[in-house]
Amino acid sequence: MGVSIIIKTLNEEKRIAATIESALAALPGGLGEVIIADSGSKDRTVEIASGYPVTVVQIAPPAQASCGIGPQLGFQYSTFDHVCLLDGDMILDPDFLPDALRFLAGNPDVAGVTGHVEEMQTANLEYARRVQRNAPENRVGDIDRMNGGGLYRRSAIEKAGYISDRNLHGYEEFDLGVRLRSLGWRLHRLDRRFVSHFGHTSNSYRLLVRRWNSKYLYGTGELLRASIGKPYFGRLIAELPELKLWAAVYCWWALSIAILFAAPGLLSGLAMVIALAAAIVLLLSVKKGGFAMGLYTVVAWCFHAAAVPAGFFRRRLPPQSWIESRTIGTTQ
């Protein structure tokens, strides 16, 4: 019942030591391996990781960093029948893996099991918004994806073809979830902690810009492009409430443009457009319990909606192709 723990990293020098130590300590009976799958860190992440009894692998040109490339890179080097995914800024709960293994043993139709992701940096509006949301991926019991990671059966991953699409800069967990569920597998969240997550502490708006520049926000469009023609495409469309939200944002933008053209003058048109935007922010502020969260939510919506077409039209590589990489060190 050994476990391959894959830790995805990109410039995680502040947290990687604690993450690795928690992973090593959590291996059931010490049986398993820890693999650092690095997407091209420029800081001391690889140097620090190399000092532990782990396997360190890093993408090599022409491979490009993305959220989907790390899990697949680690999976290429993994050897055990169970695979646990987590990020380089997470602390793995010491008792999670034994509970998860027992659940999988008792439920042969379950491909993956996870728990709660405890957000430790809720001063950032993005992570505070995650805590507030009652999203499907946060519920206990059967779920549609395992956001934040969890424990998977290797046999289920192999039937699905690959663990993550190297082209995706986001939504790689949902992509895996819908592929597994289309094959008849289930995913489950236990009502217990899986990891503690120490996310970004930077300004929330600066984080949005960073995610645009890193193409993280392109994930929705890339996922749609990847799913066209697949047997689960209809299920994906039905299960992503974000698509309806982004469509509503497009309608808002179209209405604003129509107002500008229909208004008797430019100033009056701008006034009506600004008033409409202010009304939307006000409604969200009431719903979210404060102006700061309401304004941030609307701005985040605009960023995400603008990123959909940018992601959709990006060039794709075969998701199952071998990822160009090099082994930095193997000290298991």
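Me: How many residues does helix α11 have?
Reply: The model is predicted; local features need pLDDT of at least 70, side-chain atom pairs count only at pLDDT 80 or more, and totals for chains, interfaces and linings use all residues. Residues are numbered from 1 along each chain as its sequence is written, and side-chain values use heavy atoms, without hydrogens or water. Helices (H or I, at least four residues) and strands (E, at least two) are DSSP runs, numbered from the N terminus. Helix α11 spans 241–262, so its count is 22 residues.

Me: What does α11 reach from its first C-alpha to its last?
Reply: The expected span is 1.5 Å times one less than the number of residues. For α11 that expectation is 32 Å. The model comes close to it, at 32 Å.

Me: Which elements do the buried residues of α11 pack against?
Reply: Buried means under 20% relative accessible area, exposed over 50%, partly exposed in between (1.4 Å probe, protein chains only). The buried set is E242, L243, W246, V249, W252, S256 and I259. Contact means heavy atoms within 4.5 Å. The partners are α9 (219–227), α10 (233–239), α12 (266–288) and α13 (291–312).

Me: Is Y171 buried or exposed?
Reply: Y171 lies in the loop between α6 (154–160) and α7 (172–182). Its phi is positive, about 65°, although Y171 is not a glycine. Relative accessible area is 17%, so Y171 is buried.

Me: Which residues does a cis peptide bond join?
Reply: P62 sits in the loop between β3 (55–59) and α3 (69–77). Omega is about 10° at the cis bond, which joins P61 and P62.
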